[in-house]
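Subject: Structure for you to look over

Hello,

Here is the structure I promised to pass on. Please open it alongside this message.

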Amino acid sequence: MVESRPWLTFLTHAILIAGVVVIAFPIYVTFVASTHTLEDITTAFPYLPGDQLIANYTKALTLGPRDVGATVGTMMINSLIMALGITFGKISISLLAAFAIVYFRFRFRMFFFWMIFITLMLPVEVRILPTYEVAADLKLLDSYPGLILPLIASATATFLFRQFFLIVPDELCESVRIDGGGPLRFFWDILLPMSRTSIAALFVILFIYGWNQYLWPLLITSDEGYYTLLIGIKRMLDVGEGQAEWHIIMAATMLAMIPPVLIVICMQKQFVRGMTETEK
Amino acid sequence: MADVNLRNVTKSFGKVEVIHGISCDIDDGEFIVILGPSGCGKSTLLRMIAGLEKITGGEVAIDGRVVNAIEPAERDVAMVFQNYALYPHMNVFNNMAYGLKIRGMAKEEIKRRVLHAAGILELTEFLERKPRQLSGGQRQRVAMGRCIVREPKVFLFDEPLSNLDAKLRVQMRLEIRKLHENLGITSVYVTHDQVEAMTLGDRLIVMDDGRAVQIGSPLEVYSRPSTRFVAGFIGSPAMNFLKARVSADGRQVAIANDIHLPLPGPAPSDIRSREAILGIRPEHFEVVDAGGVMLDLVVDHVEILGADTLVYGRVGDAAAELTIRLPDVHDFKASAGLSLAVPTGRLHLFDPHDGRRLDV
């Protein structure tokens, strides 16, 4: 729909700009706050970035805020390990699950598929107590597997890959069989390369999902060495009577935004392709 | 290089039997075409030879070895699929080399074979391209190349030309025939296109509803169809069928309105004085002078194809409609009269109930 009416162009741009401002302004405030000393921002809030950028960020990354006991650097690494662990785990497990459901004829196949599908309706919060119990019994508290494993099953990704596999022509599988390859070879040589755009799209979504996990890491980590960044930020605010170190907190917040933003920017093209086209 | 033997092969999906016992011995180096309408089970039969469908009953043997329980890969067959089934993310070279790589063949040997096949199929300049960058005919050739490099015992083709346009189809048909003559590998080819079947096959298996109704050379199937189904299926336009009655002396056959056509010889006693279906191919009519008239046709309409002319009309009463095909251009007017003759050897008689051929 292409229309050339000047006032319409003006209106659409005005709405878009307003939207951008609404979203960008808090980020700008955060950024400004992270570049000043604590005194500057607690007295009269400045409008322009200050000169404490390097000092604040270095302090956040190396020393960390008071009372938390871990540097932002450590917490970022923890977050990264968790996010990547969840992403790769979810993708590999759901790929294999979808492969099994689509290409193998086993007893109760559809039953299992619907079981997986039904779990879509159960968010982490609903099953969090039993999951905690299981994780505790398996001695997974305060460990990377404990952060990653309980979140690794994904009905959404399984479903997405199933739908993709269903439209892959059967002849490809038959052709591999005649060429002399087994099921795993078909999976590895044909199916996996063909699904790479879907995998890329899922990677973006799942990485952000993993990075933003809050409740689960909060429950199972008590050792500061395993804090993720989002928990760290929350802990930084719990200072009781004292003054929160806003400049450090804001620096940590800015740092927390960087990995997801980077992922989205770098994988934007694949993400869009994965959502829109399928190679056949 | 191998012979293929089908011994009373049957296939059921659940309780529904779709192949009702087919037997055929395919010789080493022979080109067999399985021909039939959609849903007659021809692709299923091919897939059973390939090993992609389980064989419910009977035996399939390749090179003397019964392969019922053997995986497709072990049967040493190669297959061209209707949609080619090229691996979309691999270039042409890798598509052709894939089957060899799986088998763990040495790199140099793979390269030699792929380049050789690409040379035969004129694909050398496309080796680096992905399938989606190729035209339909080129994809088709890649699919064949993938089979050639394997040097299998048997080639299987599942309607390989049905996705090509008419001109390309004719060209690829010739290429497949030439390829077969050069390589001499036993081939089984499934199609519903009778022109492909007639031109490619050393022998045809004509299938109808899960049964092999006739197995024979293309000419045999054309000139002595074993059932009314085969007669109607082979030949275009389709054969004319008329209700008829064989005379008591078995020397002639009467069409409904007392038009008599002589039979080549006295018919055997069991087909005298009985109802029959008379079949005459459109191309076997001859226009004759009024003197030797056997059939008087009233023209309904005419289709001029350039090389041929198709004439649709009625004989005597309205019940008997005929299509005739005459070489060259004829511009008959509607409701004009035509005098036609048919060589006695070109008449076919079929049983009106079960459709089997009645030999005169």
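This is a predicted model: local features need pLDDT of at least 70, side-chain atom pairs count only at pLDDT 80 or more; totals for chains, interfaces and linings use all residues.

Chain B overall

Chain B has eight helices and 21 strands. Its C-alpha trace spans about 75 × 45 × 35 Å along the principal axes. Of the 360 residues in chain B, 39% are buried. Take the contacts in chain B between residues at least 6 apart in sequence: 65% of them join residues at least 24 apart.

Two domains

Chain B divides into domain 1 (4-233) and domain 2 (240-358). The C-alpha centres of these two domains of chain B lie 38 Å apart. Six residues from domain 1 and eight residues from domain 2 make the contact between them. On the domain 1 side, three of the residues are nonpolar, two are polar and one is charged.

There is a cis peptide bond in chain B, between Ser236(B) and Pro237(B), with omega about -5°. Pro237(B) sits in the loop between α8 (228-233) and β11 (240-246) of chain B. Most peptide bonds are trans.

Where the chains meet

The contact between the chains involves 17 residues of chain B and 16 residues of chain A. On the chain B side, the elements giving two or more residues are β6 (77-80) and α2 (92-102). That side has 13 nonpolar residues, three polar and one charged.

Look at α2(B) next. Eight of its eleven residues are buried, so the helix is largely enclosed by the rest of the structure. Among the buried ones are Val92(B), Phe93(B), Met96(B) and Leu100(B). What covers the buried residues of α2(B)? The cover comes from both chains, and includes α9 (170-179) of chain A as well as α3 (107-120) and α4 (136-150) of chain B. After α2(B) comes Gly104(B), with a positive phi near 70°.

The nonpolar core

The largest nonpolar core has 159 residues. Those with the most contacts inside it are Ala252(A), Ile34(B), Ile49(B), Leu156(B) and Val188(B). Helix α4 (residues 72-103) of chain A gives the most to this core, twelve residues. Domain 1 (4-233) and domain 2 (240-358) of chain B each supply at least three residues to this core. Leaving out residues up to four places away in sequence, Ala252(A) touches Ala60(A), Val72(A), Leu229(A), Gly232(A), Ile233(A) and Met236(A). In soluble globular proteins, nonpolar side chains tend to be buried together.

Asp142(A) is not a glycine, yet its phi is positive, about 55°. Asp142(A) is in the loop between α6 (128-137) and α7 (144-148) of chain A. With 15 other C-beta atoms within 10 Å, Asp142(A) is partly exposed.

Asp209(B) also has a positive phi, near 50°. Asp209(B) lies in the loop between β9 (203-208) and β10 (211-216) of chain B. It has 14 C-beta neighbours inside 10 Å and counts as partly exposed. Most residues other than glycine have a negative phi.

Is Asp328(B) buried or exposed? Asp328(B) has 9 other C-beta atoms within 10 Å; 12 or fewer counts as exposed, so Asp328(B) is exposed. Asp328(B) lies in the loop between β18 (320-327) and β19 (337-341) of chain B. From Asp328(B) to Gly58(B) is 50 Å, C-alpha to C-alpha, and 270 residues in sequence.

Best wishes

Terms used: Residues are numbered from 1 along each chain as its sequence is written. Chains are lettered from A and ligands numbered from 1 in the order in which they are written. Two residues are in contact if their C-beta atoms, placed from the backbone, lie within 7 Å. Helices (H or I, at least four residues) and strands (E, at least two) are DSSP runs, numbered from the N terminus. Ala, Val, Leu, Ile, Met, Phe, Trp, Tyr, Cys and Pro count as nonpolar, Asp, Glu, Lys and Arg as charged, and the others, Gly among them, as polar. A residue is buried if 20 or more other C-beta atoms lie within 10 Å of its own, exposed if 12 or fewer, and partly exposed in between; C-beta atoms are placed from the backbone. Domain bounds come from an automatic or database domain assignment. A nonpolar core is a set of buried Ala, Val, Leu, Ile, Met, Phe, Trp, Tyr and Cys residues joined through C-beta atoms within 7 Å.
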